Amino acid sequence: MRKLQGIPGSPGVAIAPAFVFFDDDEPTIPRYSIGQGELGGEWERFRSAVERAREDVTVLRDRAAQEMGNEHGAIFDAHLLMLDDPEVLSAIELSLKESLLNIEWVLHQYAQTMVKKLEGLDDPVMQERGADVHDVTHRILNHLMFRERFSLADLDHDVVLVAHNLLPSDMIGMNHSRVRALAMDKGGKTSHTAILARAFEIPAVLGLGGATRLARNGELVVVDGSAGDVLVDPDPDSLARYEKVRARSLDRERDLAGIAQLGAATTDGREVALKANIEVPEETDSVLRHGAAGVGLFRSEFLFLQPGRKPSEEAQYLAYRRVLESLPGRPVTIRTLDVGGDKVVPELVLGEEKNPLLGWRAIRYCLADKDLFQTQLRAILRASAYGDARIMFPMISGPDELDAALLALEEAKETCRQRGQAFRDDLPVGIMIEVPSAAMIADILAAKVGFLSIGTNDLIQYTLAVDRGNERVAYLHEPFHPAILRLVRQVIDMGHAAGAVVSMCGEMAADPYAAVVLLGLGLDEFSMSAVSVPVVKRVIRSVSMSDARDIAAHVLALGSHREAEAYLRERLRGLADSDD
Ligand code: PEP
Ligand code: MG
């Protein structure tokens, strides 16, 4: 038995065989000599790998052309031409004969030389060709090395998915009904993999460091996503113990399901809006099942993560409309595209950046790509005719940026008017407060919009200088750090003074201890992963506003995260049964 301790990413306990998913983009290329007599066989291996690569590319080309139009299929046509190029093939054959080295190595060397040559040219079109050569070579090498990239959508039996790191697109595309749990080497509690694991209600432990080294395919794995424990090949005693933990966890889920449909009012009758964060339209069922009052954050960027697609205005409009129509009478706050940083969208080329988290992301990117932004704004506006839609801009760092975003919204409205498309002219507009500069000037910003929503995942990251996805510094991602508490209090007070509604959609809102403090500080609305709603509802239903105010005042006077946590644990013992 091997035991690993990681970061609890998504609650719940699961026990299933491991599926170890490797997605190292740069495989180690083997290099060995071959004899004259092996040349024929080596060339044969190469030809059949090329043939299989051709089949892959043809499928991709047809799918891209069908889903997005012929021009998108053209990229793959270029790949097919390369696979057929007689000059390339004879150069590789010659090199194989001369070097008497294995074909993987020969191909790799050839491709590297080609890529270097192309990238050295002045012509940007030829430089792009370098990426195509890399792509095609990679595909052939995968076949040669039997490294067929397994699609997680094809999982056909229950597994604990053990991975080094998963892209958001892997999370979106996987067969969710078969992934009982996730055990990941990388990532932290507010990383996007964790957020999506909670969205899909898959227990997850992240930041394990070496899970992919320790687990082998098919070995039984226990994942306790609430405690952060992972057991590989458990001994019979441990297995029995975790079977009990799992049964308790299921009981607890049943209890919480009972709470979900109750109201969210304090013992002295103050109604609190508890909303859900969603990433994909399919989550609206979960929003209702967990008793959320609406959607406080729809992370629209995940619509852009479906493999091979950059959604059109029509596709986006239909997705937003579907969410609104599935939640009649409930508000839905749609956040405009928050791409960049750690949210990589393969379809949008953001280029290499040294500091992507401080770089061209979210509203900065949208303001630069006018077409993309206008398309999204029009789609949201058109959907607003079908429900209580609200719009929210991410990563605002100053007033000019906000003015530019508001201007863009006016332009989109004007286009809709000219096209005769219905929309709600007075749809509420708000911003995320997730950059310290925005928190410092919350009063200036709040005067321009109807609501502020505090995004603590990023606000903590930027205020405390802690990469939210880096497991090595995850221990520093502290919601109860005095700097964070003071900033949050300030945003609430400044927002209220300017007449804005203040909510929070960062993960801090899902922490039952924090929820009491936030309530006491006067936060108007909470938004969190749907699975967390009943947990927070339970604690809110068990405190009074005067207690909450008292607790908040006490916590704000403490000097450290540690003291605040210790105080809250003591004071709320039994009430806030935290998942951590
Ligand atoms: C946040 O930063 O707190 C937030 C809610 O946005 P995201 O997690 O999508 O960056
Ligand atoms: Mg954010």
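This is a predicted model: local features need pLDDT of at least 70, side-chain atom pairs count only at pLDDT 80 or more; totals for chains, interfaces and linings use all residues.

Colleague: Is Cys366 buried or exposed?

Modeller: Buried: its relative accessible area is 0%.

Colleague: How many disulfides are there, then?

Modeller: The idea is to check the sulfur–sulfur distance, and a disulfide needs the two atoms within 2.5 Å. By that rule the count is zero. For Cys366, the closest cysteine sulfur belongs to Cys505 and sits 16 Å away, so a bond is ruled out by distance. Cys505 is likewise in no disulfide, with the sulfur of Cys366 as its nearest.

Colleague: OK, on to metals. Which protein donors does the magnesium ion have?

Modeller: For a metal, you look for protein atoms close enough to count as donors. Here the magnesium ion (ligand 2) has Glu434 through OE and Asp458 through OD, at 2.0 to 2.2 Å. The pair brings together distant parts of the chain, 24 residues apart: Glu434 is in the loop between strand E13 and helix H15, while Asp458 belongs to helix H17.

Colleague: How do I read empty space inside a protein?

Modeller: Rolling a probe the size of a water molecule over the atoms shows where empty space is left. In this structure there is one cavity of 30 Å³ or more. The volume of the largest cavity is about 80 Å³. It is lined by 15 residues, and those closest to its centre are Arg299, Arg335, Glu434, Asn457 and Arg468.

Colleague: Which elements contribute two or more residues to that lining?

Modeller: Strand E10 and helix H17 do. H17 provides the largest share, three residues. By type, the lining has seven charged, five polar and three nonpolar residues.

Colleague: And strands? What should I look at in E9?

Modeller: Check burial, then the neighbours. Five of the six residues in strand E9 (273–278) are buried, so the rest of the structure largely encloses it. E9 runs parallel to strand E16 (525–529), joined by five bridges; in one of them, Asn277 is partnered with Ser529.

Colleague: How many bridges pair E9 with E10?

Modeller: Three, again in the parallel sense. Ala276, for instance, has Val295 of E10 as its bridge partner.

Methods
Residues are numbered from 1 along each chain as its sequence is written. Chains are lettered from A and ligands numbered from 1 in the order in which they are written. Side-chain values use heavy atoms; hydrogens and water are left out. On a 1 Å grid over the protein atoms alone, a cavity is a set of points where a 1.4 Å probe fits but cannot get out, and a pocket is an open set with protein on both sides within 12 Å along at least five of seven lines; lining residues have an atom within 4 Å of a point. Grid points are joined across faces, edges and corners, and a volume is the space filled by probe spheres set on the points. Helices (H or I, at least four residues) and strands (E, at least two) are DSSP runs, numbered from the N terminus. Ala, Val, Leu, Ile, Met, Phe, Trp, Tyr, Cys and Pro count as nonpolar, Asp, Glu, Lys and Arg as charged, and the others, Gly among them, as polar. Donors are N, O and S atoms within 2.8 Å of the metal (3.2 Å for Na, K and Ca); water is not among the atoms, so sites may look incomplete. Buried means under 20% relative accessible area, exposed over 50%, partly exposed in between (1.4 Å probe, protein chains only). Two strands pair if DSSP finds at least two bridges between them.
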